Amino acid sequence: MSTHLRYVTGDATNPPGTGPRIIAHVCNDIGAWGRGFVTALSRRGKEPEVAYRGWYRDRDRSGFALGAVQLVPVHHALWVANMIGQHGIRRAGGQPPIRYEALEEALGRVAIYALHLKASVHMPRIGASLAGGDWQRIEPLIIDRLCGRGINVTVYDLP
């Protein structure tokens with residue numbers, strides 16, 4: 001299948017187009033929401049934050065765990081994928097919060113949603129900011145799990 005990963009300057013919280021679109025981003029596994037990309041998401045609408053907090057609150061029954069994904073509808077043809085890909089919010093034992101295996105698993109789950117919805121996927125440089133990840137390790141996961149399945153992915157860098 002065709003690989004289509006493109007980089008643009010813009011706002012990942014407001015992907016252009018009219019077709020089905022998923023905004024994918026990395027969340028932590030401790031229920032914290034309030035720094036980084038999620039603050040920009042919350043300015044656009046409360047649905048992803050409210051859903052994430054409820055998912056965490058019910059974590060014993062909800063499947064909330066590293067590698068899990070919560071797909072949240074935000075309006076017609078636009079969803080947010082809350083991907084649990086980081087353990088905690090701080091470096092511990094010399095290791096950053098990002099968990100590459102969990103991110104890879106979560107991206108595979110996003111691919112299933114995207115294929116079902118016939119959606120493109122939009123994201124900032126997931127896992128490479130507050131999560132402390134290395135984009136050179138993250139980009140191949142996106143190419144393999146999403147682009148390798150024929151899903152168009154756009155990565156946004158702020159101006």
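Let's start with Asp 29, which counts as buried because its relative accessibility is 18%, and buried means under 20% relative accessible area, worked out with a 1.4 Å probe on protein chains only. Keep in mind that this is a predicted model, where local features need pLDDT of at least 70, side-chain atom pairs count only at pLDDT 80 or more, and totals for chains, interfaces and linings use all residues. Residues are numbered from 1 along each chain as its sequence is written, and side-chain values use heavy atoms, with hydrogens and water left out.

You'll find Asp 29 in the loop between strand 2 (21-28) and helix 1 (37-44). Helices (H or I, at least four residues) and strands (E, at least two) are DSSP runs, numbered from the N terminus. The side chain of Asp 29 makes a polar contact of 2.6 Å with the side chain of His 87. A polar contact is a pair of N or O atoms within 3.5 Å; within protein, one must be able to donate a hydrogen and the other to accept it, and residues adjacent in sequence count only if both atoms are side-chain atoms.

Now hop to Leu 141: its C-alpha atom is 20 Å from that of Asp 29. In helix 5 (residues 135-145), Leu 141 is buried along with Trp 135, Ile 138 and Ile 142. These four sit on the same side of helix 5 because they cover an arc of only 120° around the axis, taking the directions from the helix axis to the C-beta atoms. Strand 6 is among the elements that the buried residues of helix 5 pack against.

In strand 6 (residues 153-157) sits Thr 154, whose side chain joins that of Arg 6 in a polar contact of 3.2 Å.

Notes: Buried < 20%, exposed > 50% of the residue type's maximum accessible area, 1.4 Å probe, protein only. Contact = heavy atoms within 4.5 Å.
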